[in-house]
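Please consider the following protein chain with its sequence and its fold side by side.

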Amino acid sequence: MRLDVVTIFPEYLEPLNVSLVGKARARGQLDVRIHDLREWTRDKHHTVDDTPYGGGPGMVMKPEPWGAALDDVLASGEGEPVLVVPTPSGVPFTQELAVELSGKPWLVFTPARYEGIDRRVIEEYGDRLDVREVSIGDYVLAGGEAPVLVMVEAVARLLPGVLGNAASHQDDSFAPGAMADLLEGPVYTKPPEWRDRTIPEVLLSGHHGKIARWRRDEAFRRTDRNRPDLIERADPAAFNKKDREI
Ligand SMILES: N#Cc1c(-c2ccc3ccn(Cc4ccc(CN5CCCC5)cc4)c3c2)n[nH]c1N
């Protein structure tokens, strides 16, 4: 997979050089290219923003630098990428969307700043590309770079071989299957006792069936407490309410 990011803060994307994404890049599983939007400005001040038509607060990102940058990025690759535009007004970024995007060969992310990008840029590339305006949550950020870090990590970890054999995304929250749409239950590791706190006996029993049932019940308990909205979506066959001691 190839990932391009066009931004006025290339240094904000440094985290893509470390950990899971960094290792995937080093192994050649991911081709990540970060582009500084200001390289496509033509004035000595490298201007990327201007006042909004119709008035209103803040500034709007000018279309010309984005058009020049995206034309060059698109010309440098094969085929057509999905253009992912982080925005507070986008569709929710979900595990389902992460799975869909992980199947694409090429993604181009356009994190903006200020009040966003001149609408004509989205229209220009929407005429020829699959453009997705996406929001990572119902809170307001100052720009799109942090959402790009979130989305790239969520997508990259789904790519074959990126997570490695030890870990798996099959048991993720929101992953398809019997535990679909449930939050993870609690996890424990050595030592068996820490500050007089011990491990649930069932996890030491070696009885895989009982352990699986305990984990599923704990997942439902945590989901019921933290995300009751997800319980309606969960697979009722995976849970027997009468077994839940409350
Ligand atoms: N993903 C994601 C995001 C973002 C996000 C993503 C991309 C950009 C580019 C610029 N900003 C700043 C900003 C903030 C608020 C507004 C709305 N206006 C304010 C006053 C009148 C309407 C417009 C821009 C961004 C914010 N925020 N929250 C998410 N989940």
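Aspartate 71 has a relative accessibility of 37% and therefore counts as partly exposed, where buried means under 20% relative accessible area, exposed over 50% and partly exposed in between, with a 1.4 Å probe and protein chains only. The structure is a predicted model, in which local features need pLDDT of at least 70 and side-chain atom pairs count only at pLDDT 80 or more, while totals for chains, interfaces and linings use all residues. Residues are numbered from 1 along each chain as its sequence is written, and side-chain values use heavy atoms, with hydrogens and water left out.

Aspartate 71 forms a salt bridge with arginine 128, with 3.5 Å between the closest N and O atoms; the term denotes a side-chain nitrogen of Lys or Arg within 4 Å of a carboxyl oxygen of Asp or Glu. Because aspartate 71 lies in helix 2 (residues 63–75) and arginine 128 in the loop between helix 4 (119–126) and strand 7 (130–135), the pair ties together parts that are 57 residues apart in sequence. Helices (H or I, at least four residues) and strands (E, at least two) are DSSP runs, numbered from the N terminus. Arginine 128 is also partly exposed, at 38% relative accessible area. A network of salt bridges links Asp71, Glu124 and Arg128.

Side chains of opposite charge can pair when their charged atoms come close. The structure holds 13 salt bridges. One of them joins glutamate 64 to lysine 62, with the closest N and O atoms 3.6 Å apart. Glutamate 64 is partly exposed at 48% relative accessibility, and lysine 62 is partly exposed at 21%. Another salt bridge brings together the side chains of aspartate 130 and arginine 132, at 2.7 Å from N to O; aspartate 130 is partly exposed, with a relative accessible area of 30%.

Which residues of helix 4 are buried? They are Val121, Ile122 and Tyr125. Seen down the axis of helix 4, these buried residues fall within an arc of 100 degrees, so they line one face of the helix; the arc is that of the directions from the helix axis to the C-beta atoms. An α-helix has 3.6 residues a turn, so residues three or four places apart point the same way. The cover over the buried residues of helix 4 includes helix 2, strand 5 (82–92) and strand 7.

Strand 5 also has pairing partners, two strands being paired if DSSP finds at least two bridges between them. Strand 5 pairs with strand 7 in the parallel sense over 7 bridges, and valine 85 stands opposite glutamate 133 in strand 7. Strand 5 and strand 6 (residues 106–109) pair in the parallel sense over 3 bridges, with leucine 107 in strand 6 as the bridge partner of valine 82.

The interior can be described through its nonpolar cores, each a set of buried Ala, Val, Leu, Ile, Met, Phe, Trp, Tyr and Cys residues joined through side-chain atoms within 4.5 Å. The largest nonpolar core has 28 residues, of which Leu30, Phe93, Leu101 and Phe109 touch the most other members. Strand 1 (2–7), helix 1 (19–26), strand 5, helix 3 (95–102), strand 6 and helix 5 each supply at least two residues of this core. Helix 5 gives the most to this core, with 7 residues. A second, separate core of 22 residues includes Leu37, Met61, Trp106 and Ala112.

Valine 162 lies in the loop between helix 5 and strand 8 and is buried, with a relative accessible area of 7%. Valine 162 and valine 21 are 141 residues apart in sequence, yet 8.1 Å apart in space from C-alpha to C-alpha. Apart from neighbours within four places in sequence, valine 162 is in contact with Leu20, Ala24, Arg27, Gln29, Ala156 and Arg157, contact meaning heavy atoms within 4.5 Å.

Finally, the chain as a whole may be considered. The secondary structure of the protein chain comes to 7 helices and 9 strands. Buried residues make up 42% of its 246 residues. Among contacts in the protein chain between residues at least 6 apart in sequence, 74% join residues at least 24 apart.
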